[in-house]
Amino acid sequence: MSSLRPGEGELPEPPALRLLRRLVTVLMVVMIGATVTLTALVWHRYSNARAPLPERIALPDGTTATAFTQGPDWYAVVTADNRILIFDRATGALRQTIAVTPAPADAPGGSP
């Protein structure tokens, strides 16, 4: 066995391989940066305070709420009698009532 000193007998690194190694390193850095940026954007988006829920909602007599949703200056209540009641957030006054026609029982996606 021959003893080689460090650097002896090693082939030089081809320029294309050196370029490829640098491109992979740059790609890794860009991907890590993108992951950190996207994580920060998602955290920022979901850490913002949502619109506050109303303290009380005055529903018409005999109405039962089944769902609730809200917008920037309104909130809506879906009732058991197939109506959507839209209220003003600032005053709590009823803005609009939308009657929802139920789907026929034999229609696709209809009630069983």
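Which residues are linked with Glu13 in a network of salt bridges? Arg18 and Arg21 are: together with Glu13 they make up one such network. A salt bridge here is a side-chain nitrogen of Lys or Arg within 4 Å of a carboxyl oxygen of Asp or Glu. This is a predicted model, in which local features need pLDDT of at least 70 and side-chain atom pairs count only at pLDDT 80 or more, while totals for chains, interfaces and linings use all residues. Residues are numbered from 1 along each chain as its sequence is written, and side-chain values use heavy atoms, with hydrogens and water left out.

The sheet comes next. Helices (H or I, at least four residues) and strands (E, at least two) are DSSP runs, numbered from the N terminus. Four strands form an open sheet in the order E1-E2-E3-E4, and their pairing is antiparallel. Strand E1 (65-70) and strand E4 (94-99) are the edge strands, each pairing on one side only. On average, neighbouring strands of this sheet are turned by 20° against each other, direction ignored. The axes behind such angles are lines fitted to C-alpha atoms, for helices over the stretch in contact, and angles run from 0 to 180 degrees between N-to-C directions. Two strands pair if DSSP finds at least two bridges between them. Strand E3 (residues 83-88) is joined to E4 by 5 bridges in the antiparallel sense, and Leu85 stands opposite Thr97 in E4.

A pair of aromatic rings is described by the distance of the centres and the angle of the planes. Rings of Phe, Tyr and Trp (its six-membered ring) pair if their centres lie within 6.5 Å; planes under 30 degrees apart count as stacked, over 60 as edge-to-face and the rest as tilted. The structure holds 2 aromatic pairs. In the pair of Phe68 and Tyr75, the ring centres are 6.0 Å apart and the planes stand at 35°, so this pair is tilted. For Tyr75 and Phe87 the centres are 5.4 Å apart and the planes stand at 20°, so this pair is stacked. Tyr75 lies in strand E2 (residues 74-79) and Phe87 in strand E3, so the pair ties together parts that are 12 residues apart in sequence. Through these ring pairs Phe68, Tyr75 and Phe87 are linked into a cluster.

How far are these rings covered? Buried means under 20% relative accessible area, exposed over 50%, and partly exposed in between (1.4 Å probe, protein chains only). Tyr75 is buried at 2% relative accessibility, and Phe87 is buried as well, with a relative accessible area of 3%. Phe68, at 35%, is partly exposed.

Charged residues form another set of contacts. Side chains of opposite charge can pair when their charged atoms come close. A search of the whole structure finds 5 salt bridges. One of them joins the side chains of Glu13 and Arg21 at 2.8 Å, N to O. Glu13 is partly exposed at 32% relative accessibility, and Arg21 is partly exposed at 46%. Asp81 forms a salt bridge with Arg83, with the closest N and O atoms 3.1 Å apart. Asp81 is partly exposed with a relative accessible area of 42%, and Arg83 is partly exposed with 24%. In the salt bridge of Arg95 and Asp88, the closest N and O atoms are 3.0 Å apart. Arg95 is partly exposed at 43%, whereas Asp88 is buried at 16% relative accessibility.

Arg89 sits in the loop between E3 and E4. A polar atom of the Arg89 side chain lies 3.0 Å from the backbone oxygen of Gly71, and the backbone oxygen of Pro72 lies 3.5 Å from a polar atom of this side chain.

One further loop remains. Ala58 is placed in the loop between helix H1 (15-47) and E1, and it counts as exposed at 65% relative accessibility. Ala58 and Gly92 are 34 residues apart in sequence, yet in space they are 8.0 Å apart, C-alpha to C-alpha.

Definitions and conventions. A polar contact is a pair of N or O atoms within 3.5 Å; within protein, one must be able to donate a hydrogen and the other to accept it, and residues adjacent in sequence count only if both atoms are side-chain atoms.
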